Amino acid sequence: METMNIQFTPFRIGCVYIPTWFLDTQLNNIEEQHLKIYLLLQKASQENEAWNFAKIASKLQVSSQKVEEVVDYLNKKNIIRMNQKDDFNCEITMNGNDLKVAMEITSDSGMLDVYDIKDKPEYGYAEIDRYRETDNNTEIIFKKLEICLERPATFKEQAAIFSLYDWLKMSVELIDYLLNYCVFTKQTKNIDHITSVAIDWANNKITSLDQAEARVADPHLYDYIFNSDKSTDQKEVDSDNENLKLMLSDDYKYEAEDSIKMALYRKLENAFSRPIKTQEMDIVFNDFYKKFEMSLDLIYYLLDYCPEGKRNIKYLEKVAMTWHRKGIKIVEQAEESLSITKEHYSIMNAAGISTISITKTQREMMDKWLAMFPVKAVIYQACKFMGETTQKPSLRYLDKILTNWNKEGIKNVFDIERITQEYKKKKSEKFAKKNNYVIKSGNFTKMLSHDYDYDLLMAKEIEYHEKLRTGQI
């Protein structure tokens with residue numbers, strides 16, 4: 001790269017010409033480094049000086065790779081025009097509208113269309129220190145690296161992470177997301193692995209946080225959204241991508257699912273405070289949203305409902321399955337279901353009534369009792385009392401007991417003991433009255449009583465049958 005030489009076509013002028021269109025359209029938008037390199041290219045072109053990328057890099061105190069990338073950028077923006085002659089030569093025309101001066105650049109390598117680890121630039125201590133002094137972002141990405149590593153970074157690690165910023169042109173925000181993804185999702189702090197992921201992202205044209213999030217959530221989805229210019233020929237699609245081909249046949253449906261998936265991913269990432277795994281995204285989208293038919297609002301409500309300590313995919317899946325079994329599809333149904341607490345089920349169990357779900361009427365009845373009796377022990381004592389007085393427990397019967405107790409001013413268990421003793425006394429008196437009754441005087445009691453001799457009657461009966469047998473009668 002450092003042997004790249006620049007040869008210009010002859011041009012004579014007393015000063016460096018800057019096109020008017022450039023000043024009008026680019027001056028407020030172009031980056032400082034791009035502007036410096038552009039001005040040097042103009043100077044070299046117009047003064048026919050012998051330059052190479054290494055000389056420009058040395059003058060601006062940047063890497064040769066940086067110069068090459070800026071030239072490539074200027075060409076894409078049509079600020080200059082570059083024609084690749086072969087692997088080692090290209091022709092550049094400085095776009096001046098009325099001034100078209102060509103210059104030849106010889107190179108030991110062509111412009112890179114694909115990033116490769118073998119082409120990663122090497123940085124020295126002095127170069128890194130110089131960037132630290134001139135570019136605040138350098139220190140920021142080093143600090144983010146050490147936070148993720150939970151220790152001071154080695155120079156090799158610093159140089160590797162700096163290459164993502166300088167060589168791959170990744171923003172600080174994207175590098176931060178990459179580090180969190182590799183360390184917390186991929187569970188690796190290996191700098192070579194992090195670099196390989198960054199190169200993969202760069203080769204897939206990932207330049208923004210949105211693109212990275214889409215790539216992490218679903219690589220196939222990312223390719224469809226951001227790499228739509230790629231061929232989708234059936235021969236190039238792997239056998240394990242048949243599902244993707246089916247989805248591509250319905251563009252409208254896929255675009256709708258895309259927006260939903262991106263919305264879910266952002267919500268999950270905020271809830272979990274970390275990058276989301278593909279498996280987690282699949283469960284939320286395919287199971288919660290599609291299989292369980294949960295609305296987006298309901299999924300958001302589920303995430304907000306779960307306490308921070310339980311915000312993991314297994315707990316969410318358990319709650320979602322419970323809601324699905326109960327037929328909960330909208331937020332209002334979930335709110336009503338969540339208003340039924342463990343206390344309600346405890347009362348049902350104490351009353352001897354087993355149930356999987358509690359109806360709205362049952363919940364409202366129990367809420368009324370809980371409001372009547374701040375001391376919950378009163379309700380449980382009523383359940384016990386009902387069990388002792390009936391073989392068919394029901395909430396309506398329990399409601400009558402508690403309503404009567406409330407009318408009688410019962411507030412605690414001591415009041416219950418008093419009422420219970422009074423009830424038992426009344427019941428005992430009623431039983432005694434029923435079994436030890438006094439016969440009232442009346443016409444029935446005035447009938448004459450009999451004083452028969454049953455032995456004599458039996459003897460007469462025997463005598464009668466004997467006479468009947470002998471024919472005396």
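**Pocket, salt bridges and surface of the predicted model**

The largest pocket has a volume of about 1400 Å³. The model is a predicted one, in which local features require pLDDT of at least 70, side-chain atom pairs count only at pLDDT 80 or more, and totals for chains, interfaces and linings use all residues. Residues are numbered from 1 along each chain as its sequence is written, and side-chain values use heavy atoms, with hydrogens and water left out.

A pocket is defined on a 1 Å grid over the protein atoms alone, as an open set of points with protein on both sides within 12 Å along at least five of seven lines. Lining residues have an atom within 4 Å of a point. Grid points are joined across faces, edges and corners, and the volume is the space filled by probe spheres set on the points. Rolling a probe the size of a water molecule over the atoms shows where empty space is left.

The lining of the largest pocket comprises 41 residues. Nearest its centre lie His-34, Lys-66, Glu-69, Tyr-73 and Lys-169. Six helices, α2 (32–47), α3 (53–60), α4 (64–76), α5 (125–134), α7 (155–166) and α9 (191–203), each supply at least two lining residues. Helices here are DSSP runs (H or I, at least four residues), as are strands (E, at least two), numbered from the N terminus. Helix α4 gives the largest share of the lining, eight residues. By type, the lining divides into 16 nonpolar, nine polar and 16 charged residues. In this scheme Ala, Val, Leu, Ile, Met, Phe, Trp, Tyr, Cys and Pro count as nonpolar, Asp, Glu, Lys and Arg as charged, and the others, Gly among them, as polar.

The structure holds 14 salt bridges (a side-chain nitrogen of Lys or Arg within 4 Å of a carboxyl oxygen of Asp or Glu). One of them pairs Lys-169 with Glu-69, with the closest N and O atoms 2.2 Å apart. This pair links distant parts of the chain: Lys-169 sits in the loop between α7 and α8 (172–185), Glu-69 in helix α4, 100 residues apart. Both residues are also among those nearest the centre of the largest pocket. Glu-69 counts as buried because its relative accessibility is 13%. Lys-169 counts as partly exposed, at 37%. The classes are buried under 20% relative accessible area, exposed over 50%, and partly exposed in between (1.4 Å probe, protein chains only).

A further salt bridge joins Asp-304 to Lys-267, with the closest N and O atoms 3.5 Å apart. Asp-304 lies in helix α15 and Lys-267 in helix α13 (residues 251–272), so the pair ties together parts that are 37 residues apart in sequence. Lys-267 is partly exposed, at 24% relative accessibility. Lys-329 bridges to Glu-293, the closest N and O atoms being 4.0 Å apart. Lys-329 lies in the loop between α16 (313–325) and α17 (331–338), and Glu-293 in the loop between α14 (278–291) and α15, so this pair ties together parts 36 residues apart in sequence. Lys-329 is partly exposed, at 26% relative accessibility. Glu-293 is exposed, with a relative accessible area of 54%.

Helix α15 (residues 296–305) also holds Leu-296. At 24% relative accessibility, Leu-296 is partly exposed. Its C-alpha atom is separated by 9.1 Å from that of Ile-330, 34 residues apart along the chain. Ile-18 lies in the loop between β1 (5–8) and α1 (20–25). Ile-18 is partly exposed, at 22% relative accessibility.

Most residues other than glycine have a negative phi, and most peptide bonds are trans. Lys-169 has a positive phi, near 65 degrees. Glu-150 likewise has a positive phi, near 60 degrees. Glu-150 is placed in the loop between α6 (136–149) and α7. Glu-150 is exposed, with a relative accessible area of 66%.

On the surface, Tyr-464, Leu-468 and Ile-473 form a nonpolar patch with about 320 Å² of accessible area together. Patches are made of residues with over 30% relative accessible area and no salt bridge; like charges are joined within 9 Å, nonpolar side chains (Val, Leu, Ile, Met, Phe, Trp, Tyr) within 5 Å. Accessible areas come from the Shrake-Rupley method with a 1.4 Å probe; for residues, only the protein chains shown count as cover. Leu-468 belongs to helix α23 (residues 454–470). Leu-468 is partly exposed, at 44% relative accessibility.

Key:
1 Å grid on protein atoms, 1.4 Å probe; cavity = no way out; pocket = protein on both sides within 12 Å on 5 of 7 lines; lining within 4 Å.
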